[in-house]
Amino acid sequence: MTIDKSQLVRMLRTMILIREFDELAIKLRVAGKIYGAVHPYVGQEAVAVGVCASLRTSDRVTSNHRGHGHCIAKGADIRRMMAELFGRATGYCKGKGGSMHIADFAVGMLGANGIVGGGLPIACGAALAAQLEGKGDVTVCFFGDGAAAEGEFHEALNIASVWKLPIVFVCENNQYAANNAVDVQHPRIDIAPHAAPFHIPGIAVDGNDALEVHARTDEAVARARRGDGPSLLECKTYRWHFHAMRHAIPAETRPADEIASWKARDPIARFEHELLERGALAVPDIRAMRAGVAADLEAAVAFAEASPFPDPKDLLVDMFAE
Amino acid sequence: MRQLTFQQALDEAVAEEMRRDARVITLATDFTGDPIKEFGPERVRFSPISEAALTGMGLGAAGCGYRPIVNWRMVTFSFVAMDQIVNQASKIRYMFGGQADFPVTYRCTTGGGIGLAAQHSQSPYSMWMHLAGLKIILPSTPADAKGLLKSAIRDNNPVVSFECSRLGGATGPVPDGDHLVPIGVADVKRAGTDVTIVGLAYYVSEALAVAEELAREGISIEVVDPRTLVPLDIDTVRASVRKTGRVVIVDEAPATCSAASEIAALLVEDPDTFRALHAPVRRVCAVPVPVPYSPVLEQAALPSREDIKAAVHEVLKESARPIPR
């Protein structure tokens, strides 16, 4: 696998942007500037970025409730994402969806989803469309370890295998389904072996290693583009924060040493180190990159705050297509 | 005009739309006839028995430019796909701010009366009406079945086609050519002046049979068939009731939170219709019980012609009764 330096730098910047976007979302929610629920993606950035680095714009992804990272990695505009969190008319869903329903069909981002497992069948439908189109496009379906306990997961893997759909199932095993540890919800803590009964490849990968995620995704995507069918990629990772927050940050219930051990494997610090080692950039470049991300986020918030709220008279707009 | 069965009319609708538009595909665990012969295995997909997957796949493929027809076969099988129907299909366009259209048609048989017992005799369309976001068609004749299903397939929204089991073998005239019936337009199946009977699906033909019998007693019945439940052409129903001043609504779903209840509410909420009423609105629906198997019990659970006639006589009697002071 060869990735050029500029792509490596872009990947790092996207990872930093995802992290800072969600750290900011938490602050905005605590301050009451945004509404509803926030499910931070912090800690899992290598998965979204590593996977989406293997995709082209015409490839499609589906996401879940923890979807901001997937949106950003697939190329969504953070200003319109932020405006959606602020409930404004300029948001991706005109303020009708919020955090859990951000979508950008123009870049192949077919939507976050508030229902665990709900995106798996929809992703299979997108893959069916790609198969019928015959242009070699693929669909990536992001979901968590919790979704592997849903019936829709097993239905989706089965039908995708039977019909050789061009799809890559990416399970982000962040060790917790809501607040339940993976070992209390599954008889074994690995998700990749679920692939075997459906006769598709099941690959476990260090989900905190962006380059490793990217390399394994490349293989799965190539297989799907060739017409050889689906793969299941299990990315072992960890969410640094809570499952979900509404008005206040919930108390931490996970062991402190467990959190510390995963933070020591910070996917961004690792990737920065890797890029410095390779000479893809230097320390001042990273500093400048972080400043650029901060400025972009500031601009996104300014855009959102300057945007109008939707007009209540438009309540019924978008219910039905013409 | 050609005579077709309800089932033949539906099959013809699908075949014509698949010929017309290469983006129409169909997914189901089984098919009537041999559609693969004409349209091939790419567009006609025999699927595993995975209703949740199929329902969501219809949505996903629709969002990517195709026009899938997903046949649940029986509405009862759709209940294992409730997440995809309730949380996804009915909300996906709105919650994404109208970014994409989702032209998917979900087909299913519905209703009892053919000895299939509790699970496979249900008429749950009001559950879908409640969701706000799904269009619903419920034809009562072969011609309407064909014309409405073709419109559903061409519609750019998720549409659920409820196809009455008891009507499957019913025969009727079907116009030649590209016969379309618009979604959201009710049909007055028989004109009359004394009492309006609003019938749904199988109970349209039952209402017509009752109207024929009552005509011999000198009672003039108007039979209105809404044909689609979402959007519901309440204007046509109200116009009929304003004319007759009396209404009996007949359906084989139990009355609680039913389509019949919704129609009753929409009639009496309208000031002009309310003022035109000479008698209370009357619903004739199934007994609220799981539909039993034995024919004797099943008939006792579902509305009969005698029930409809009795209701007509009641509203006539009530309208003649002086208001107690």
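Modeller: First, a term for what follows: a residue is buried if 20 or more other C-beta atoms lie within 10 Å of its own, exposed if 12 or fewer, and partly exposed in between, with the C-beta atoms placed from the backbone. This is a predicted model, so to speak of local features I need pLDDT of at least 70, and side-chain atom pairs count only at pLDDT 80 or more, while totals for chains, interfaces and linings use all residues. Residues are numbered from 1 along each chain as its sequence is written, and chains are lettered from A and ligands numbered from 1 in the order in which they are written.

I'll go for chain B. There are 14 helices and 14 strands in chain B (DSSP runs, H or I of at least four residues for helices and E of at least two for strands, numbered from the N terminus). With a radius of gyration of 20 Å, close to the 20 Å from the globule rule for 325 residues, chain B is as compact as a globular protein of that length (C-alpha atoms only; the rule is 2.2 Å times the number of residues to the power 0.38). Buried residues come to 53% of the 325 in chain B.

Chain B is assigned domain 1 (2–174) and domain 2 (187–320), bounds that come from an automatic or database assignment. The C-alpha centres of these two domains of chain B are 26 Å apart. Across the boundary, 23 residues of domain 1 of chain B are in contact with 23 residues of domain 2 of chain B (C-beta atoms, placed from the backbone, within 7 Å). On the domain 1 side, α7 (125–129), β6 (135–137) and α8 (142–154) of chain B each supply at least two residues. That side has 12 nonpolar, 8 polar and 3 charged residues (Ala, Val, Leu, Ile, Met, Phe, Trp, Tyr, Cys and Pro are nonpolar, Asp, Glu, Lys and Arg charged, the others, Gly among them, polar).

Most residues other than glycine have a negative phi, and most peptide bonds are trans. A117(B), in the loop between β5 (105–110) and α7 of chain B, has a positive phi of about 70°, and with 15 C-beta neighbours A117(B) is partly exposed. V230(B) and P231(B) are joined by a cis peptide bond, omega about -5°, and P231(B) is in the loop between β12 (228–230) and α10 (234–244) of chain B. Over in chain A, K164(A) has a positive phi of about 50° and, with 15 other C-beta atoms around it, K164(A) is partly exposed.

Terms used:
Contact = placed C-beta atoms within 7 Å.
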